[in-house]
Amino acid sequence: MRFLLLLILVLSPLFTFANDGEGCSELSFADIYRDPDNLALNYCYLEQKIAEGDIKSAIPVVERILLLEPFQDRARIIYASLLYHSDMMVEAREEFEGVRARPLPESDEMLVLDYLRRIDEADKRTTHSLSVSLSAHHDNNINNAPDDDTILFYGFEFDFPQDRVEEYGTEANIRYDLNYAWGNYLQHNGFASLDYTRDNYATQDTLDMSSWAASLGNRFSFDGIKVTLLASGSHQSLHGEGLLRSHGAQTSLSYAWDLKDSNLYISPRLSAGTSNDNYIAQGSDASSGKRHYAKLSNSITYDRAHTLYAALGYSTKEAGDDSLSYTSWSQSLSYRWTARNGVSLATFLNRNRSRYSGSPEFVTGDSTLVRRSQPLFGSVSVLLPLPIDSDLTLAVERQLNRADIPNYAYRNTRWSATFTKLFSF
């Protein structure tokens, strides 16, 4: 952007005259204040401010030049460009359209048309997208068979070997997203989404699941600080019968540092929310209750190719049954490498430590006994971009559930391949 503005400036006849073949010396505002009507001095000061990337200070300089020479087309193009790069799109459009009404060299005409095209794209307030994905997956322990051959039943150990059941399945997902940018300079945006998923297994029909999820929110932007308010709801069915209805709200705060000189992009985020989970399946109402959660995360992207993400989360649930109420801490860490052709490799690791308020009496014989669980989840995936806005993702996931009660200690590995097609409107 700076190069483009400097190029326009250097091509200006007045700037060539002002330089007289020599570069401008370092100037201060005091130098301009002593001789404000000196065009050559103003052009040199304008070049200096653009080279520094100080657009805010460059705008009044070129406004002063236009007061001295109101019919300088190149100066007006520079002025319109500065307005554009300051997100003052309405004012920039007026300036570009005004200068375009006069005869211009072909290069300037093409530049003005290109800027007007960009403004038209930026001024498109409403965008839609539709994502459709199909996947095939394989699990080696779909029944969550415990690691040990013994289980607890009313506090007594019993030999109860269980074979792991391998299972194949398919999953279909369709998601619609709506985004509306608003505000004088499109700083804020409202958004909504609707998501449907259906998961079918080859033989274990009782595990077939479908779900609807919807969300509605708004993201406010204040000088780089983004505040997001989100409301969401979902409905899940198991084997064709209603299982869970949930609704909740979330608030998040984020900021981004774009350190271009260091090729770093840093984005910390803090979020907190609550959800009301209502289990509607027969005999499962004891699982119903309120969840509260919070998460602190940060992502660091280097050279647009390497992204490291880390998060610390806390959640708590108050269920109808103490054996299903818990407090939980989680730690997440992921790394993504993206090649120039769009191929990416991602790894993810999540560790969770949960403490329940009690335990099922039919398992331990004592409902006041505290149950602890430490699930560990890891995944590796490769994304391969395909033509016409589609991609193929190959992934392997490993779930290791460690618990102090053998009934809940199990492990499962899932392999999957997912094809996704995106439609943008």
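The model is predicted, so local features need pLDDT of at least 70, side-chain atom pairs count only at pLDDT 80 or more, and totals for chains, interfaces and linings use all residues. Residues are numbered from 1 along each chain as its sequence is written, and side-chain values use heavy atoms, with hydrogens and water left out.

**The core**

Start inside. A nonpolar core is a set of buried Ala, Val, Leu, Ile, Met, Phe, Trp, Tyr and Cys residues joined through side-chain atoms within 4.5 Å. Buried means under 20% relative accessible area, exposed means over 50%, and partly exposed lies in between (1.4 Å probe, protein chains only). The largest nonpolar core has 33 residues. Leu 46, Leu 82, Phe 96 and Val 112 touch the most other members. At least two core residues come from each of helix 4 (39-51), helix 5 (55-68), helix 6 (73-84), helix 7 (89-100) and helix 8 (106-122). Helix 6 gives the largest share, 8 residues. Helices (H or I, at least four residues) and strands (E, at least two) are DSSP runs, numbered from the N terminus.

**Salt bridges**

Side chains of opposite charge can pair when their charged atoms come close. A salt bridge is a side-chain nitrogen of Lys or Arg within 4 Å of a carboxyl oxygen of Asp or Glu. The whole structure has 13 salt bridges.

| Pair | N to O distance |
|---|---|
| Arg 74 and Asp 108 | 3.0 Å |
| Glu 109 and Arg 100 | 3.5 Å |
| Asp 139 and Arg 414 | 3.1 Å |

Arg 74 lies in helix 6 and Asp 108 in helix 8, so this pair ties together parts that are 34 residues apart in sequence. Both Arg 74 and Asp 108 are buried. Glu 109 is partly exposed, with a relative accessible area of 22%. Arg 100 is partly exposed as well, at 40%.

The salt bridge between Asp 139 and Arg 414 links distant parts of the chain: Asp 139 is in strand 1, Arg 414 is in strand 17 (residues 410-424), and they are 275 residues apart. Asp 139 and Arg 414 are both buried. Elsewhere, Asp 114, Arg 117 and Arg 118 are linked in a network of salt bridges.

**Surface patches**

Patches are made of residues with over 30% relative accessible area and no salt bridge; like charges are joined within 9 Å, and nonpolar side chains (Val, Leu, Ile, Met, Phe, Trp, Tyr) within 5 Å. Accessible areas come from the Shrake-Rupley method with a 1.4 Å probe; for residues, only the protein chains shown count as cover.

A nonpolar patch has about 660 Å² of accessible area together, and among its residues are Leu 333, Tyr 335 and Trp 337. Strand 13 (326-338) and strand 14 (344-356) each give two or more residues to the nonpolar patch. Strand 13 supplies the largest share, 3 residues. Leu 333 lies in strand 13 and is partly exposed, at 45%.

**Two loop residues**

His 239 has a positive phi of about 55°, although it is not a glycine. His 239 sits in the loop between strand 7 (225-238) and strand 8 (241-254). Its relative accessibility is 45%, so His 239 counts as partly exposed.

Asp 389 also has a positive phi, near 55°. Its loop runs between strand 15 (372-386) and strand 16 (390-403). Asp 389 is exposed, with a relative accessible area of 55%.
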